[in-house]
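Look over the sequence and the fold below.

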Amino acid sequence: MPRTIKAQAIVYTMIDPEKEDYKQVRRMNNVALEADDGQLLPIGSAFASLYPGTQLHSTVLQQQTELNA
């Protein structure tokens, strides 16, 4: 069954290894459908660099897909 990607968002999660309860989450909606990993991952690293001691923990790409019967 063919599928069509209609929209996508990306969620970046940053943590501080020295602070167990610290977590920052940044979500970006309306990510270009043609964006690739090489473009998306540096953005997460840039977000993490804004907070001292923080590192990028996870990057999740969420896609809204339409199933075509």
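Apart from neighbours within four places in sequence, asparagine 29 is in contact with Gln8 and Ala9 (contact means heavy atoms within 4.5 Å). The C-alpha atoms of asparagine 29 and glutamine 8 are separated by 6.6 Å, although these residues are 21 residues apart along the chain. The side chain of asparagine 29 also makes a polar contact with that of arginine 27, at 2.8 Å. A polar contact is a pair of N or O atoms within 3.5 Å; within protein, one must be able to donate a hydrogen and the other to accept it, and residues adjacent in sequence count only if both atoms are side-chain atoms.

This is a predicted model: local features need pLDDT of at least 70, side-chain atom pairs count only at pLDDT 80 or more, and totals for chains, interfaces and linings use all residues. Residues are numbered from 1 along each chain as its sequence is written, and side-chain values use heavy atoms, with hydrogens and water left out.

Where is asparagine 29 found? Its place is the loop between strand 2 and helix 1 (helices are DSSP runs of H or I, at least four residues, and strands are runs of E, at least two, numbered from the N terminus).

The strands form an open sheet of three, in the order 2-1-3, with antiparallel pairing. Two strands pair if DSSP finds at least two bridges between them. Strand 2 (19-28) and strand 3 (55-67) are the edge strands, each pairing on one side only. Strand 1 (residues 3-16) pairs with strand 3 over twelve bridges, in the antiparallel sense. Threonine 13 has serine 58, in strand 3, as its bridge partner.
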